Amino acid sequence: MSLPVVNQDLPLLIPKKKNGNFGYVNQEGKFVIQPEYHIAVFFYEDCNLLNSLNEKFRKFGTADYATVEKDEISYRIDKKGNRVYRFKKEDLGKCVHKEYIQQLYQAYILNGFYGIIEKATFKDPADYRQFQIYPQYEYLFILEGDDVANPMIVASKNNMFGVIDVHNRVIIPFEYDDIKRNFSWKLGKMFDVSKDGKNYYYIDSNNNTY
């Protein structure tokens, strides 16, 4: 089964909710795995399975599989939607801790507003030139990602959420009721957004909806 590639940076299969359940759509927005799961996450490594004491289960920990949950039972599925493994505690090994990558930037609050500073060089809040982004937002949160020099930042302005970069360029316009502060950017190069605070869906950095 070959899956269409519209954007090289995005996953080939993207979790999507329909009628209260999650399945997976391809990059053209068509369901490849029908929505029947209470939880569905991106196809990504599961380090507990990768380090299983039982060698035959280790392959199910690779990024060729995704974790889903139905009726409070968790499975790994393949890209055709087949349930290939049902989670059991006794199969799970310990994750090998990867070296923590220190973030270059952090949020800084001044007079009730949020900005961004570079931790290593910031010394004097009275000097506006030392701010990477001068405090001007109601809220900021730096999303975890692989590129610490150019992180994506969830920001709030006029009670609406958007996404900016460290140069204060708007990546996602401020038109969302909420943007989740989760691992969707790190795992899938996507943002988990909502316009009503209830129904969430994924968008890419070009604001395309999936």
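This is a predicted model: local features need pLDDT of at least 70, side-chain atom pairs count only at pLDDT 80 or more; totals for chains, interfaces and linings use all residues.
In it, local features need pLDDT of at least 70 and side-chain atom pairs count only at pLDDT 80 or more, while totals for chains, interfaces and linings use all residues. Residues are numbered from 1 along each chain as its sequence is written, and side-chain values use heavy atoms, with hydrogens and water left out.

**View 1. An open sheet of 3 strands.** The strands (DSSP runs of E with at least two residues, numbered from the N terminus) lie in the order S1-S2-S3 with antiparallel pairing. From one strand to the next, the twist averages 25° (axes are lines fitted to C-alpha atoms, and angles run from 0 to 180 degrees between N-to-C directions). Strands of a sheet pair through backbone hydrogen bonds.

**View 2. Strand S2 beside strand S3.** Here S2 (residues 21–25) pairs with S3 in the antiparallel sense over 3 bridges; two strands pair if DSSP finds at least two bridges between them. Look for Val 25, whose bridge partner in S3 is Phe 31.

**View 3. Asn 158 in the loop between strands S12 and S13.** This loop runs between S12 (153–157) and S13 (160–164). Asn 158 has a positive phi of about 55°, although it is not a glycine. Asn 158 counts as exposed because its relative accessibility is 62% (exposed means over 50% relative accessible area, with a 1.4 Å probe and protein chains only). Asn 159 is found in the loop too; its phi is also positive, near 65°, and Asn 159 is exposed at 63%.

How values were computed:
Helices (H or I, at least four residues) and strands (E, at least two) are DSSP runs, numbered from the N terminus. Buried means under 20% relative accessible area, exposed over 50%, partly exposed in between (1.4 Å probe, protein chains only).
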